[in-house]
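Please examine the sequence and the structure shown below before reading further. The explanation begins with one residue and its surroundings and then turns to other parts of the chain.

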Amino acid sequence: MRTVKEVSTLSGISVRTLHYYDEIGLLKPTGKSEAGYRLYDDKALETLQQVLFFREFDIPLKEIKAIMANPALDRKQILQMQRKMLTAKKERMERLIASIDDILKGENKMDFAVFSKTEIEEMFRTMVEHMPENMRDIAIKEFGSVEQWKEHYMEVVSSEKMQKSYAKVVEWYGGKDKYLSVVQNPASREVAESYNKRFEAILQKLIAKRDCAVDSFEVKEIVGEYGFVMKQFSQIKEEKGLMLAQAQYYRNERIRQMTDEKYGEGASDFFARAMEAFYGKA
């Protein structure tokens, strides 16, 4: 058993901070001495170590406490979670150090990568797990194997062009952590189908107003509904960027042909102009 002062010296955490952790129930001492001083055993020190790992990412104490108290997570799972977080941070730090080294050498190669290699691998794994089986089989057949498919995905997503695109998407979601949370916890197939039906119903209402001006109340009301549902489905913080991107999507030649074939000549252009009238051009 170690005293609070010994734990402070060992961990580099102040005695006052250890007292506070006790007060909020984050790290309770194992017991107390006859004189009433806090005492900690090895298990308590392991808990403190896990807390300190999480603090490396500036995670609020309240959230750390909730994670540590989650009965669905055992010690090994928590350590695996922390290892993944630390690996991602390590890769980011290594890229920053390499960038500084390049600047010192006179080679100013700025690195604005949004996602680390570990995060991109996790995104690929989640995509494959939640992709419809028939689409997954087609992709595997096209690339020859899952590993070759993954290699292609890693190369494309890691490119500077894609990273810049992701930077904009992350902004729509209100931060990288929020975006990764949505990617790693996608909507079920049933929920996705339900939203697709809502989007279709909205587009049908919108095309029925094609003779109205795009800045009319009738059209703006429907576009506003479209944006609201898009925000719900995508779990984004602000839908404006996504809706303007959707407008550009309708201006794509291939999409234009498909949309006009389904909703009538000029439908794609009407949808794009209606969204830009509501949200303002980018």
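Threonine 118 is in contact with Lys84, Thr87 and Glu91, when its neighbours within four places in sequence are left aside. The structure in which these contacts occur is a predicted model. Threonine 118 belongs to helix H6, which covers residues 117-130. Is threonine 118 buried or exposed? Its relative accessibility is 17%. Because buried means under 20% relative accessible area, threonine 118 counts as buried.

Helix H6 also holds glutamate 129. The relative accessible area of glutamate 129 is 49%. Since residues count as exposed over 50% and as partly exposed between the two cut-offs, glutamate 129 is classed as partly exposed.

The secondary structure of the protein as a whole consists of 15 helices and three strands. How are the three strands arranged? They form an open sheet in the order E1-E3-E2, with antiparallel pairing. Strand E1 (2-3) and strand E2 (31-32) stand at the edges and have a single partner strand each, so one side of each is left without a neighbour in the sheet. The pairing of E2 with strand E3, which comprises residues 38-40, is antiparallel and runs over two bridges. Within this part of the structure, glycine 31 stands opposite leucine 39 in E3.

The overall dimensions may now be considered. Along the principal axes, the C-alpha atoms of the protein fill a box of roughly 85 × 45 × 40 Å. The radius of gyration of the protein is 26 Å, whereas a compact globule of 282 residues would have one near 19 Å.

Of the 282 residues in the protein, 33% are buried. Among the contacts with a separation of 6 or more, 58% are between residues 24 or more positions apart. The protein exposes about 18100 Å², and carbon and sulfur atoms supply 52% of this area.

Methods:
Residues numbered from 1 in each chain as written. Predicted model: local features only at pLDDT ≥ 70, side-chain atom pairs only at ≥ 80, totals over all residues. Heavy atoms only, no water. Helix = DSSP H or I, 4+ residues; strand = E, 2+ residues; numbered from the N terminus. Rg over C-alpha atoms; globule rule 2.2 N^0.38 Å. Buried < 20%, exposed > 50% of the residue type's maximum accessible area, 1.4 Å probe, protein only. Contact = heavy atoms within 4.5 Å. Areas by Shrake-Rupley, 256 points an atom, 1.4 Å probe, with all protein chains shown as cover. Pairing = 2+ DSSP bridges.
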